[in-house]
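Okay, thanks everyone for coming. Let me put the structure up on the screen, and then I'll talk you through it.

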Amino acid sequence: MRSYVQVLSTGTSDPALLLFFDRRRYLFNAPEGLQRLFSELKAKITKCHTVFLTSFAPTGLCGLPGAVLALADSSVERVDVVGPGGTLALLSSAQSFLYRDRLTLGVHEVHPSISDHQADIALEMVFHDDVITAYGATLQTAVAETVQLHARMSHKGMRMEAHGCSVDDSGMHAVPIARETAVAYAIVLPDGEGTLNIQRARELGVPTGPMLGQLKRGDTVTTPDGRIVTPAECVEGASPGGVLAVLPIPSKRHIASAQRFLHALGSSGVRVTLAAAEADPPHKRPRGEISALARRSLVLCCIIAPACVLADVRVQEIAESIGRDRIMLCPSGMTSPSRVFRSAERVQAMLHQLCPPCFPATWEHGR
């Protein structure tokens with residue numbers, strides 16, 4: 001199954017990452033201007049049914065309500081949002097604005113373990129569908145200031161499903177969150193195509209036709225007699241898919257947590273470093289290995305961080321250990337001196353020709 005990652009950025013906020021598959025898209029972060037950016041790049045936001053939030057920073061979050069409304073108005077029936085603890089309270093507070101009775105909003109929260117900021121980070125499976133499996137872990141600073149979020153889930157408007165969130169009988173959701181908490185994700189990509197054993201597939205009741213192609217592409221099918229057949233039952237020699245890591249480092253205080261996250265990936269059986277990827281996989285699983293992550297290689301690590309953090313020696317060491325060809329550095333904040341939206345640039349150019357003092361050429365001044 002073909003897949004790739006695209007960086008979406010206006011140059012004035014945190015970047016968004018778009019994970020492409022043939023029939024599905026996954027969005028990481030939702031900065032302001034996201035819908036206009038999709039339109040400018042001629043990308044389809046209607047295929048993004050799942051949004052992963054790396055933090056509650058406004059620069060990476062302000063476009064979420066508009067994106068949810070755009071999906072709801074496109075007849076999308078369900079949108080899943082995965083984020084730090086407090087995501088349910090955040091979206092519950094916006095229910096009066098996100099009023100779409102046909103939409104179901106699935107909320108999945110990533111909560112820190114008791115000692116995430118002191119010891120090894122624990123990976124937690126936070127989302128799973130027929131294409132990917134996502135694991136998340138919180139990245140905290142040594143001293144994390146917490147605030148208490150309170151919100152009541154309304155029964156009006158859109159339907160909300162809480163996964164990993166505590167809600168009492170009255171619908172009240174209260175959760176303490178750290179102001180500087182970020183969430184890193186490890187995405188297990190689909191396995192590569194193998195050789196389809198047609199005889200075995202026919203024995204399982206799979207008829208000749210499109211279902212055989214679906215099985216070879218890694219899709220689970222249901223036969224006419226109601227039997228569910230998975231690719232593992234009749235596809236041989238499929239290569240295991242890789243792991244995509246999305247690693248936000250909002251400040252230099254989060255670098256130590258980022259290093260522990262990569263160490264946790266390695267302890268789970270993922271070949272993270274370049275040396276581990278080139279070596280043969282071990283015959284014995286490491287202690288604490290997660291079966292879904294075992295024997296897989298890190299194919300790409302997307303680091304979202306300000307320029308000052310990306311220039312830090314410790315981050316450069318992380319990039320060197322993983323391998324420069326498997327690292328994507330995504331600067332956050334003000335990164336581009338030029339305009340991203342070409343239509344606005346053309347209008348500005350025409351107005352500048354009309355009256356230069358009133359409409360300065362911003363591209364000449366680097367603004």
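First, the ground rules. This is a predicted model, so to speak of local features we need pLDDT of at least 70, and side-chain atom pairs count only at pLDDT 80 or more, while totals for chains, interfaces and linings use all residues. Residues are numbered from 1 along each chain as its sequence is written, and side-chain values use heavy atoms, with hydrogens and water left out.

Of the 367 residues, 47% count as buried, meaning under 20% relative accessible area with a 1.4 Å probe, protein chains only. Now contacts, that is, heavy atoms within 4.5 Å: among those with a separation of 6 or more, 70% are between residues 24 or more positions apart.

Six strands make an open, mixed sheet, in the order 7-8-12-17-18-19; pairing here takes at least two DSSP bridges between two strands. Strand 7 (124–128) and strand 19 (327–331) sit at the edges, each pairing on one side only. Strands 7 and 8 run antiparallel, joined by four bridges, and His128 stands opposite Thr133 in strand 8.

What lies across strands 8, 12 and 17? That's helix 6, running at about 165 degrees to strand 17. Angles go from 0 to 180 degrees between N-to-C directions, with axes fitted to C-alpha atoms, for helices over the stretch in contact. Helix 9 packs on the sheet too, touching strands 18 and 19.

Now the largest nonpolar core, with 33 residues. By that I mean buried Ala, Val, Leu, Ile, Met, Phe, Trp, Tyr and Cys residues joined through side-chain atoms within 4.5 Å. Leu247, Ile249, Phe261, Leu265 and Ile303 touch the most other members. Helix 6 gives the most to this core, six residues. Leu247 has Phe261 and Ile303 among its contacts, leaving aside residues up to four places away in sequence.

Last stop, helix 2 (residues 64–73). Seven of its 10 residues are buried, including Leu64, Val68 and Leu71. Their cover includes helix 1, helix 3 and strands 4, 5 and 6. And just after helix 2, Ser75 takes a positive phi of about 70 degrees.

Conventions. Buried < 20%, exposed > 50% of the residue type's maximum accessible area, 1.4 Å probe, protein only. Helix = DSSP H or I, 4+ residues; strand = E, 2+ residues; numbered from the N terminus.
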